[in-house]
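Subject: Structure for you to look at

Hello,

Here is the structure I said I would pass on. My notes on it follow below.

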Amino acid sequence: MTVTLADVAARARVSPATVSRVLNGNYPVAASTRERVLRAVDDLDYVLNGPASSLAAATSDLVGILVNDIADPFFGIMAGAAQTQIGGPGDGSGRAGGEKLAVICNTGGSPERELTYLTLLQRQRAAAVVLTGGAVENPEHQAAMAAKLAKLADAGTRIVFCGRPPLPEGDALVAALAFDNRGGGRRLTEHLISLGHRRIGYVAGPRERTTTRHRLEGHREALQAAGLDDFPAGGGPADGSGHRAADDDPLVVHGPYDRRSGYEATLELLRRAPDVTAIVAANDTVALGACAAVRDQGMRIPQDISVAGFDDLPFSVDAVPALTTVRLPLFEAGARAGRLAMGKENPPPGGIATIAAELMIRGSTAAPRG
């Protein structure tokens, strides 16, 4: 059933004219009244009507690209690549063709902002939405996301995930392009084990992110296969209930995906386990912080301790020494997501594609000193 402006007015206990004023922003309205109207709009998922000639399911020339942090090269590369396919030239004549207007929505990693942007894009009748990066593993948020994406899809919006797995429930996607974070994490740790490392620390990302869990699971799979892990892939030691708590593992420290976290977490890791001979970082940015912490402790890389990252961001090869890491084809994935969002490419079979990760061995890892 279509929600009308009158429905919003009734929910907010104001007149339809007041609702119109709030939504159009062309007349002063008391802050408390404005807040009540906007809350009613959100609660009812009201979509502002366009011109009278527009169809209910018509879409605009707008495509939203949701990122956690546009300043992070991981997201910037994917968003930029998607935009080349979304907002690129049409027929080369300079005239408007089939391209769309790509808008970057920076969530700051906030689940609430993610939902808010989707609501705003729904109101604008976005032609497509591309969601990049790992997802938050919270059942309530996942249910809210599934419901919101379903409404967008019902209105004709194409939904593409880039660098994140599909939701546990919900079939609104055109496609999900998921990186093989688990496989990449496993191969990276296998490399360190093959060099002779037996005490390997791990500076992980935020606990609630799918990317964090998958990369850490791959790391632990490699340790288990080598008989080096007392903390199975599901987490830390089992308690009486059979659940496992990763916090119990002294060789794993969690934090945000930034350099400062890498620095501070590495200091904590070295305090807990001064005998570690290698450190795996959640991503290359975190690895830079880890390298700085190692050097500030008077140790050399890789002579005294090896450091490895993940993602193969552009600066990783220019670090000193160059960073051993796992390459994710960020530009290629972003460009493919853009083509899928524009309907230029057919979705993969079943709507889901796993994108391989490649181990890049460089100078920051070596055999431990005997």
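The second largest cavity is lined by Glu114, Ala135, Val136, His141, Gln142, Met145, Arg164 and Leu167. A cavity here is a set of points, on a 1 Å grid over the protein atoms alone, where a 1.4 Å probe fits but cannot get out, and lining residues have an atom within 4 Å of a point. Its space comes to about 30 Å³, the volume being that filled by probe spheres set on the points, with grid points joined across faces, edges and corners. Helix H6 (residues 139-154) contributes most to this lining, with three residues. Two cavities of 30 Å³ or more are present in the structure.

Before the rest, the conventions. This is a predicted model, in which local features need pLDDT of at least 70 and side-chain atom pairs count only at pLDDT 80 or more, while totals for chains, interfaces and linings use all residues. Residues are numbered from 1 along each chain as its sequence is written, and side-chain values use heavy atoms, with hydrogens and water left out.

The second largest pocket has about 430 Å³ of space. A pocket, unlike a cavity, is an open set of points with protein on both sides within 12 Å along at least five of seven lines. Its lining has 22 residues, and those nearest the centre are Asn68, Asp69, Asp72, Phe75 and Tyr257. H4 and helix H8 (210-225) are the elements that give two or more residues to this lining; H4 gives the most, with three.

Now the fold. The chain has eleven helices and twelve strands, taken as DSSP runs numbered from the N terminus (helices: H or I, at least four residues; strands: E, at least two). Of its 370 residues, 48% count as buried, meaning under 20% relative accessible area with a 1.4 Å probe and protein chains only; exposed is over 50%, and partly exposed lies in between. Among contacts between residues at least 6 apart in sequence, 71% join residues at least 24 apart, a contact being heavy atoms within 4.5 Å.

Six strands make an open parallel sheet in the order S2-S1-S3-S4-S5-S11; two strands pair if DSSP finds at least two bridges between them. Strands S2 (101-106) and S11 (352-355) are at the edges with a single partner strand each, so one side of each has no neighbour in the sheet. On average, neighbouring strands of this sheet are turned by 15 degrees against each other, direction ignored.

Five of its five residues are buried, so S3 is largely enclosed by the rest of the structure. In a regular strand the side chains alternate between the two faces of the sheet. In S3, Ala128, Val130 and Thr132 are on one side and Val129 and Leu131 on the other, all buried, and both faces are covered. S3 (residues 128-132) is joined to S4 (residues 158-162) by five bridges in the parallel sense. Leu131 faces Phe161 of S4, and Thr132 has Cys162 of S4 as its bridge partner. S1 pairs with S3 over four bridges, also parallel, and Ile65 stands opposite Val130 in S3.

Two helices lie across this sheet. Helix H11 (residues 330-342) lies across S3, S4, S5 and S11, at about 170 degrees to S4. Axes are lines fitted to C-alpha atoms, for helices over the stretch in contact, and angles run from 0 to 180 degrees between N-to-C directions.

Two single residues remain. His191 sits in helix H7 (residues 181-195) and is buried, with a relative accessible area of 9%. Its side chain makes a polar contact with the side chain of Thr365 at 3.0 Å. A polar contact is a pair of N or O atoms within 3.5 Å; within protein, one must be able to donate a hydrogen and the other to accept it, and residues adjacent in sequence count only if both atoms are side-chain atoms. Leaving aside neighbours within four places in sequence, His191 touches Thr324, Leu359, Ile361 and Thr365.

Pro256 is in the loop between strand S7 (252-254) and helix H9 (259-272) and is partly exposed, at 45% relative accessible area. With neighbours within four places again set aside, its contacts are Pro206, Ser261 and Val286.

Regards
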